[in-house]
Amino acid sequence: MAMELMKMPQLGESVTEGTISKWLVKPGDHVTKYDPLAEVMTDKVNAEVPSSFTGIIKELKADENQTLAVGEVICSIEVEAAKTDKGNAGQVSHSEEIVDAPAIRDVQQASAEPSRKARYSPAVLKLSQEHGIDLSKVKGTGNEGRITRKDLLKLVESGNLPKADEPSAISDSSPVENAPQVNRQTSPVPNMPTAAGDKEIPVTGIRKAIASNMLKSKHEIPHAWTMVEVDASNMVKLRDNLKSEFKQKEGYNLTYFAFFVKAVAQALTEFPELNSMWAGENIIQKKEINISIAVATEDALFVPVIRNADEKSIKGIAREIQELAFKVKAGKLKAEDMQGGTFTVNNTGSFGSVQSMGIINYPQAAILQVETIVKRPVVINDMIAVRDMVNLCLSLDHRVLDGLVCGRFLARVKEIIEKISKDNTSIY
């Protein structure tokens, strides 16, 4: 018999870790290839992890609600040697398990064998940098003394954090050569005072992941912001005249948001600079126009993608909005539903917002907030009229984009919306 290792898969772009929300198997269970092993939650998607092998579950390497980095082992499966992809029936050692894990960084670890390498997962490196922890002074409880995310979380909770300039109270190991540098600019986790009646709410894995991604966006992307005011009266009139007939015929709603997504997709074909991403030495201008839309649940925000939105009708976009929103709320969103987005449109108006500054959906270059449509008095031809007005707020990555092109882009979106009418706008 041979042992195979199941690892945490990458369940979306920029996803670096996942949380085991529920195990669907236990040690001793027989599974066949593609059987679901566990439900995994990230900031982008909830998904089942299928087995890559047929065999017997030997060991679950993580507890429920435990967060693991992409590539870390989640369980081991005993399979027949003839059915494995490897030509030998040799056992997979712990050292092989670590070396094979992707995205693991080499650092020297002091031990009885100076040449021995330690592997720190991205989650461990990230926590150590966030809290200024010197990993050379931490004694790990993982396989062969490996430092785990759980080890660091226990230290954070205790408040006894070994710093680079402090003597070690955790391990007898000497300082590590070439250890990862501590980010001294990272603020420590605040020790917030509590009073009688205060409620402490544990931070879920998905909330931590959202916080991490938002922090990454704000730290790496120099945000700038601009806004235009749009007269949406013609669009509102057209949609309101069609909505009942449309719902009866198609079975789903014709929303204002579908008109805005279509207008943005059309404008992106004319201003492809906004459909770009920063890549260090290059700016990648994406060919496909895939619009990410923000869909909120009670405790999380998901950004599923409408692919090739420029090629779809308003009807087609309205259908996809409906389907993706249903998947999010039913917990049926898949990893592929979240991938490939090139520009984000957020319907903040659904909450009554009239002006907001969105945080860019990393690694995209811009996000557009569609605010509430409100009736306001405006001056038209020196006369006051009541019109349906809406603010469109654009956050942009100033490494990629400048005010000139963004101003022209917003002006074009404004023009498209204001010219909508039954005579020149096709819903189907």
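In this predicted model, helix 6 (residues 256-270) packs against helix 7 (residues 314-330) with the axes 9 Å apart and at an angle of about 120 degrees. The crossing of helix 6 past helix 7 is right-handed. The protein chain as a whole contains eight helices and 21 strands, and 45% of its 428 residues are buried.

**Packing of helix 6 and helix 7**

- Two packed helices are described by the angle between their axes and the distance between those axes.
- On the side of helix 6, the contact is made by F257, A258, F259, V261 and K262.
- Helix 7 contributes I314, I317, A318 and I321 to this contact.

**Aromatic pairs and cluster**

- The structure holds three aromatic pairs.
- In one of them, the ring centres of F246 and Y252 lie 5.4 Å apart with the planes at 85 degrees; the pair is therefore edge-to-face, since an angle over 60 degrees counts as such.
- F246 has a relative accessible area of 1% and is buried.
- Y252 also counts as buried, at 8% relative accessibility.
- Y428 is partly exposed, with a relative accessible area of 47%.
- Together, F246, Y252 and Y428 form one aromatic cluster.

**Charged side chains over rings**

- K249 lies over the face of Y428, at 4.6 Å from the ring centre.
- R239 lies over the face of Y256, with a distance of 4.4 Å from the ring centre.

**Sheet with the strand order 1-8-6-3**

- Four strands form an open sheet in the order 1-8-6-3, and their pairing is antiparallel.
- Strand 1 (2-7) and strand 3 (30-31) stand at the edges; each has a single partner strand, so one side of each is left without a neighbour in the sheet.
- Within this order, strand 6 (residues 55-60) and strand 8 (residues 73-79) pair in the antiparallel sense over four bridges.
- E59 stands opposite S76 of strand 8.

**Sheet with the strand order 5-4-2-7**

- Another open sheet of four strands has the order 5-4-2-7, with antiparallel pairing.
- Its edges are strand 5 (46-50) and strand 7 (67-69), each with a single partner strand, so one side of each lacks a neighbour in the sheet.
- Neighbouring strands of this sheet are turned against each other by 40 degrees on average, direction ignored.
- Strand 4 (residues 36-41) pairs with strand 5 in the antiparallel sense over five bridges.
- V40 stands opposite A47 in strand 5, and the bridge partner of M41 in strand 5 is N46.
- Strand 2 (residues 17-23) and strand 4 pair in the antiparallel sense over four bridges.
- K22 has E39 of strand 4 as its bridge partner.
- In a regular strand the side chains alternate between the two faces of the sheet.

- Strand 12 (residues 276-279) and strand 13 (residues 282-285) are paired in the antiparallel sense over four bridges.
- S276 stands opposite Q285 in strand 13.
- Two residues lie between the strands of this hairpin, in which G280 takes a positive phi near 75 degrees.

**Contacts across the chain**

- Of the contacts in the protein chain between residues at least 6 apart in sequence, 65% join residues at least 24 apart.

Note on methods:
Residues numbered from 1 in each chain as written. Predicted model: local features only at pLDDT ≥ 70, side-chain atom pairs only at ≥ 80, totals over all residues. Heavy atoms only, no water. Phe/Tyr/Trp six-rings, centres within 6.5 Å; stacked < 30°, edge-to-face > 60°. Buried < 20%, exposed > 50% of the residue type's maximum accessible area, 1.4 Å probe, protein only. Lys NZ or Arg CZ within 6 Å of the ring centre and 35° of its normal. Pairing = 2+ DSSP bridges. Axes fitted to C-alpha atoms, helices over the stretch in contact; angles between N-to-C directions. Left-handed = near helix turned anticlockwise from the far one by under 90°. Contact = heavy atoms within 4.5 Å.
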